[in-house]
Amino acid sequence: MKQAITVEWQSSHNNGNAFTKSMRLLNSKDFQTVFDDAPLRTSHQHFLFLARINSLDSPRLGLVIAKKHIRHAVDRNRMKRLIRETFRSKQQQLKGLDVIVLARKGMNDVTNAVLIEHLNGQWDRLIRRLQKAKTESAKPTEQNLQVSAP
């Protein structure tokens, strides 16, 4: 049984879908920059996504799962595991983004399958907003189009 688990982990690690330490928001400064200025937001009944474009090539994830909202450690750990799992599956599309996921009350009452479906929907929504923001910033402005007369 252990070998099967090890082989599965190694195969996902080789695919580039591992969740390494460099893909985490680790200190309060990293979290604070996203909290202070999060132009990309998606909201759901059970969670809130705050995101900000970073200068790195990889996405980073921060989790805020308050004991006030999800009382039992088992449920908090399950939420974190499911959020990380869905993040890993979408990380190629989230390059250059810092994301914080905040849990809301009632998130622990939802089954894993439903929660994964909702999380994937929110990741897709965030990816669409990221692409929209990138295309808007790439569009030339009127000032850039004006040519000065000689």
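Two strands are taken to pair if DSSP finds at least two bridges between them. By this criterion, in the predicted model, strand β3 and strand β4 (residues 97–103) are paired in the parallel sense over five bridges. Within β4, Val101 is the residue that stands opposite Leu63.

These strands belong to an open sheet of four strands, arranged in the order β1-β2-β4-β3 with mixed pairing. The edges of the sheet are formed by β1 (40–43) and β3 (60–64), each of which pairs on one side only. On average, neighbouring strands of the sheet are turned by 15° against each other, direction ignored. Helix α3 (residues 73–90) packs on this sheet, where α3 touches β3 and β4. The direction of α3 makes about 160° with that of β3.

Two packed helices are described by the angle between their axes and the distance between the axes. For α3 and helix α4 (residues 112–138), the axes come within 10 Å and cross at roughly 45°. The two helices, α3 and α4, are therefore oblique to each other. The crossing in which α3 passes α4 is right-handed. On the α3 side, the contact is made by Arg78, Met79, Arg81, Leu82, Ile83, Glu85, Thr86, Phe87, Ser89 and Lys90. The α4 side contributes Asn112, Leu115, Ile116, Leu119, Asn120, Trp123, Asp124 and Ile127. Classified by residue type, the contact of α3 with α4 comprises nine nonpolar, four polar and five charged residues.

Technical notes
Residues are numbered from 1 along each chain as its sequence is written. This is a predicted model: local features need pLDDT of at least 70, side-chain atom pairs count only at pLDDT 80 or more; totals for chains, interfaces and linings use all residues. Side-chain values use heavy atoms; hydrogens and water are left out. Axes are lines fitted to C-alpha atoms, for helices over the stretch in contact, and angles run from 0 to 180 degrees between N-to-C directions. Contact means heavy atoms within 4.5 Å. Angles under 35 degrees count as roughly parallel, over 145 as roughly antiparallel, 65 to 115 as roughly perpendicular and the rest as oblique. A crossing is left-handed if the near helix is turned anticlockwise from the far one by less than a right angle, and right-handed if clockwise. Ala, Val, Leu, Ile, Met, Phe, Trp, Tyr, Cys and Pro count as nonpolar, Asp, Glu, Lys and Arg as charged, and the others, Gly among them, as polar.
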